[in-house]
Amino acid sequence: MTTSSSFAALRRRVPGVLLTFALALAAIGLAQTGWAERWGLTALTLAIVLGMALGNLAPGPLRQWRCEQGVDWSRQRLLRLGIILFGLRLTFQDMARVGWAGVAIDALMICSTFALALLIGRRWLRLDEPTVVLIGAGSSICGAAAVLAAQPVAKGSAEQVSVAVATVVVFGTLAMFGYPLLHAGFGLSDAAFGIYTGSTVHEVAQVVVAARAVSEQAADLAVIAKMIRVMMLAPFLLLVSALLAARGQDAADARAWQQRLVVPWFAFGFVLMAGVRSSGWAPDALLGPLLQLDNLLLAMAMAALGLGTHASSIARAGVRPLLLAALLTLWLVAGGALVNGLVQGWWR
């Protein structure tokens, strides 16, 4: 590609990128308000809502401003960079605070929740595969961020991503307010409740709100358990990619399997950034701005997804995606209590 054609391509992207940038800044500002914090609404959630509102209310001006190429670029390229930088939020040392029991609980909940998503979503509800994978990823790991990360692997459309994000936001919010009631009902210690919350609630912000309603100790352990779930995102994506490739063709046809396999290379960058954070190589003066940049990039990607999502497409999805998310949430609450109880020894 020549320099002039590269410059022309860059110029065509500018309007859309600037639009997603403005929506992301607005979402970040709104997320810092008191009402958003009380409801556990993150910048990512608000960005997709703002994008959907603008995309559905003003489609004509968006076409007139020729935003499509820039919006598509934000949705694809900035998403991957944001997921890579997301690894800077994690350290391998966090595992020590909850022990191997906490790691085992997280792994069991991720595997069982995603397996249930495939079983219920594909066999019982007859949903399309991308929607099932995206809802399963969001419920299993870390809500909207996991949905975004799984989108390249699942090859989901903007509408399918938006439906998945909506489901994890709805049921994660319900869990955020309901979990403090479970603390009293189960008669758990603050530490046990923290690990239970972190291993089963959808979004990081929702985990913080639910656990902090009990105590700061519960909140600290809940966040650590949640971060370990997030750390499992990279191997999860690799396994899901291999699973989808194997399901898509005859097992003996190795060439077809290789062609269908999508290697999420950004997942390796995610692990690398977690290693950088764990080693202490990133100075605090640099870490803060990088985390703010990551929040901005992911919010821009979410805004781009919202801009490409039309209300009619979500309406066509019907109630089955919500039903799948509801059943997975029931498993996270009840099955999570069973797994946590057995591994942590609640009844000893």
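**The largest pocket and its surroundings**

In this predicted model, 26 residues line the largest pocket. Of these, T42, R89, V204, A205 and N295 lie nearest its centre. The largest share comes from α11, which supplies 5 residues. The volume of the largest pocket is about 790 Å³. Such spaces are found by a simple test: a probe the size of a water molecule, rolled over the atoms, shows where empty space is left.

The lining was also sorted by residue type. Nonpolar residues number 17. A further 4 are polar, and 5 are charged.

Helix α11 also packs against another helix, α10 (residues 190–200). The axes of α10 and α11 are 9 Å apart. The angle between the two helices is about 155°. Angles over 145 degrees count as roughly antiparallel, and α10 and α11 are therefore roughly antiparallel to each other. The crossing of α10 past α11 is right-handed.

Confidence was examined for the chain and for its elements. The average pLDDT of the chain is 84. A score of at least 70 is reached by 90% of the residues. Among the elements, helix α18 (residues 320–344) has the highest mean pLDDT, 94. Helix α14 (residues 254–260) has the lowest, with a mean of 51. Where pLDDT is low, the predicted coordinates should not be read in detail.

Conventions
Residues numbered from 1 in each chain as written. Predicted model: local features only at pLDDT ≥ 70, side-chain atom pairs only at ≥ 80, totals over all residues. Heavy atoms only, no water. 1 Å grid on protein atoms, 1.4 Å probe; cavity = no way out; pocket = protein on both sides within 12 Å on 5 of 7 lines; lining within 4 Å. Points joined across faces, edges and corners; volume = space filled by probe spheres on them. Helix = DSSP H or I, 4+ residues; strand = E, 2+ residues; numbered from the N terminus. Nonpolar A, V, L, I, M, F, W, Y, C, P; charged D, E, K, R; others polar. pLDDT = per-residue confidence, 0-100. Axes fitted to C-alpha atoms, helices over the stretch in contact; angles between N-to-C directions. Parallel < 35°, antiparallel > 145°, perpendicular 65-115°, else oblique. Left-handed = near helix turned anticlockwise from the far one by under 90°.
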